[in-house]
Amino acid sequence: MFINSVGSYYGYVGSNCLSEETRRRLIALGIDPSTVSSEAQAKVLIEKLLQIYAVQKSKSSDGQNNISSEAVIISKARELAKQVGASFSHSMSTEEILKAISTKIDSKPENNINSNKQDYSLCKEELVQLQFEYSQLKQNENAMFASMYYSGNVNRMMLGI
């Protein structure tokens, strides 16, 4: 009787040969441990997933994906407009505020900025940075809308509509 129970125990361990640590890591990564057949296969899978996560993390920490929202850009633009003395209203769009700032800075640089040439160049640089961030935001929005339009067309084609 004792020998049979040991045999059944080894049969259980043989069919489920993952260590407890490996099982926990698989579960933490969102993988069902029953889909993996061996400890070696599980370790290879874990390493590949960790590499993929590292690549995704490095891509998100690049400057490419860190684009300000329009609310942040418009608040920065309003602050810059106050600094250079450009008139704006709260109902103006971001693009209109940026144009007003650009017009004010380009009209008479010496009279617009209260202090000196260094302030003028700093304001000009900040304006260029805001315009760049705003153009990147609009490009990303346009790419998203184009992707949605394409996806809609593919769905219509597949459904025969």
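**Exercise 1.** Is Glu141 buried, partly exposed or exposed?

*Solution.* The model is predicted: local features need pLDDT of at least 70, side-chain atom pairs count only at pLDDT 80 or more, and totals for chains, interfaces and linings use all residues. Residues are numbered from 1 along each chain as its sequence is written, and side-chain values use heavy atoms, with hydrogens and water left out.

Step 1. Buried means under 20% relative accessible area, exposed over 50%, and partly exposed in between (1.4 Å probe, protein chains only).

Step 2. Glu141 has a relative accessible area of 25%, so Glu141 is partly exposed.

**Exercise 2.** Describe the salt bridge between Glu141 and Lys138 and its surroundings.

*Solution.* Step 1. A salt bridge requires a side-chain nitrogen of Lys or Arg within 4 Å of a carboxyl oxygen of Asp or Glu. For Glu141 and Lys138 the N to O distance is 3.1 Å.

Step 2. Both residues lie in helix α7, 3 residues apart, about one turn of the helix; helices are DSSP runs (H or I, at least four residues), numbered from the N terminus.

Step 3. Lys138 is partly exposed, at 26% relative accessible area. Through shared partners, salt bridges join Glu70, Lys138 and Glu141 into one network.

**Exercise 3.** Which parts does the salt bridge of Lys124 and Asp106 tie together?

*Solution.* Step 1. The closest N and O atoms of Lys124 and Asp106 are 2.9 Å apart.

Step 2. Lys124 lies in helix α7 and Asp106 in helix α5 (residues 94-107), so the pair links parts 18 residues apart in sequence.

Step 3. Lys124 is partly exposed at 27% relative accessibility, and Asp106 is partly exposed at 43%.

Technical notes: Helix = DSSP H or I, 4+ residues; strand = E, 2+ residues; numbered from the N terminus.
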